[in-house]
Amino acid sequence: MKSRTNPNRRAVVALTLAALAVAGCSGGSAPDVDKAWARSSPMMASAGAAYMEISNGGAADALTGASVAASIAGRVELHESRPAEGGNHGSTPMMEMVHVERIEIPAGGRVMLEPGGFHIMLLGLAEPLANGTELEITLSFEKAGELKVVAIVGDGAP
Amino acid sequence: MGSQILRVGLRVIAAAIMVAACASADDAALNGVTRQPALSVGDVVLPSGEGGSPQAMQADPNELLVVYFGYTSCPDICPTTMSDIGHALDQLSGSNADRVRVAFATVDPDRDTVAVIENYLDHFVGRGVALRTEDPELLSAAAARFGVQFAVAEHEADDLYYEVAHTAVTYVVDDTGTVAVEWPFGISREAIAGDLALLLGKESK
């Protein structure tokens, strides 16, 4: 007799999941990515940006790069928007956007990629980023290696 | 019929409340930054749209002109600002939103054609005016009047990637050509909407 609610099978599944979870932890520093999103872009825009929260339950790591399919953008870079040095005008500094080689993810810490700060810049968009669509981004971490995340296209963090 | 009368009635009451609110409102209620003395920019003129018709930095009567100096290849700061302004306009009543125009002055005319800027404004805010000049002195002088600084990295004419730094402040100009409030980068959509509603209330007094 076949039962959909076989308690033994459920226990096995639960144990397997628990084992996988433990394995994930002992694997060390795999960073966890949450709330990944990219801003929708106008028809004629050439550049876009993606944002996310990266938390790290393990040892210190660093985001060292990101990539997307060539059908999405020609080039992907890690960038930071920040007040420009020496360009202060009273309380309203110039903002500049700089290419960064790495974004440090401290041990046990959380780093926000958010508007006005760190972001993943998509250059040479093949097509506009349309509201409600999804975008797969492959993140490269120094220690944890590659991690694929799905960013939702919209106009704010999900 | 009855509901229409009710709706009109509610609008009248809402308008009365707004007038009452504005009569007692002062600049301290604004969320953005105000300067003393107020900045006057009504005589600053930049070419607008495909035809390059002169656009003074002054709103039409009983309207507001939101002025921003940026560039459309900017993936982070500019679209965040434009998107927040667009959402703030959505929070206003339709008739109030129609009294706000957003002027986007490009600091990067090499990449930003008028068509690109207009498409950009359509995407984020709807009611916009594209400001573009190829005269660097005219642009710098106009920006300086607002206190805007910008720096465009050296590049070849057909380069697609180069960096631009710019003051990321949004200026709201009233129908006298006075900057009524300035919004620093990162101000919330609600704060923008609140300031616009307050200033529009004053304008119609």
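Helices (H or I, at least four residues) and strands (E, at least two) are DSSP runs, numbered from the N terminus. With that in hand, open the model, which is predicted: local features need pLDDT of at least 70 and side-chain atom pairs pLDDT 80 or more, while totals for chains, interfaces and linings use all residues. Residues count from 1 along each chain as its sequence is written, chains are lettered from A and ligands numbered from 1 in the order written, and side-chain values use heavy atoms, with hydrogens and water left out.

**Stop one: a threonine in a loop**

Select B:Thr133, in the loop between E5 and helix H5 (136–146) of chain B. Buried or exposed? B:Thr133 is buried, at a relative accessible area of 8%; buried means under 20%, exposed over 50%, and partly exposed in between (1.4 Å probe, protein chains only). Now show its contacts (heavy atoms within 4.5 Å). Leaving out residues up to four places away in sequence, B:Thr133 touches B:Leu46, B:Pro47, B:Pro109, B:Leu138 and B:Leu139. A polar atom of the B:Thr133 side chain also lies 3.0 Å from the backbone nitrogen of B:Asp135.

**Stop two: helix H4 of chain B**

Next, select residues 114–124 of chain B, which form helix H4. Colour its buried residues: B:Val114, B:Val116, B:Ile117, B:Asn119, B:Tyr120, B:Leu121 and B:Phe124. What covers them? The cover includes helix H2 (77–91), strand E4 (100–106) and strand E5 (128–131) of chain B, along with strand E1 (32–39) of chain A. After H4(B) comes B:Gly126, with a positive phi near 85 degrees.

**Stop three: where the chains meet**

Show both chains and pick out the interface: 29 residues of chain B are in contact with 35 residues of chain A. The buried area (the accessible area, 1.4 Å probe, that two parts lose on being put together, summed over both) is about 2,400 Å², and carbon and sulfur atoms give 58% of it. Highlight B:Pro75, B:Asp76 and B:Tyr161, which supply 25% of the area that chain B buries against chain A, more than any other three residues.

How many residue pairs are in polar contact here? Between chain B and chain A the count is 12, with both residues at pLDDT 80 or more. A polar contact is a pair of N or O atoms within 3.5 Å; within protein, one must be able to donate a hydrogen and the other to accept it, and residues adjacent in sequence count only if both atoms are side-chain atoms. On the side of chain B that touches chain A, H2, H4, strand E6 (150–152) and strand E7 (164–167) each give two or more residues. H4(B) gives the most, with six residues.

Stay with E7(B): strand E5 (residues 94–99) of chain A pairs with it in the antiparallel sense over two bridges. Two strands pair if DSSP finds at least two bridges between them. Click A:Met94 to find its bridge partner, B:Thr167.

**Stop four: strand E8 of chain A**

Finish in chain A, which has one helix and 10 strands. Select strand E8 (residues 118–125), where six of eight residues are buried. Strand E2 (residues 47–55) of chain A runs antiparallel to E8(A), joined by four bridges, and A:Ala47 stands opposite A:Leu123. Strand E4 (residues 73–83) of chain A is also antiparallel to E8(A), with seven bridges; look for A:Glu80 opposite A:Phe118.
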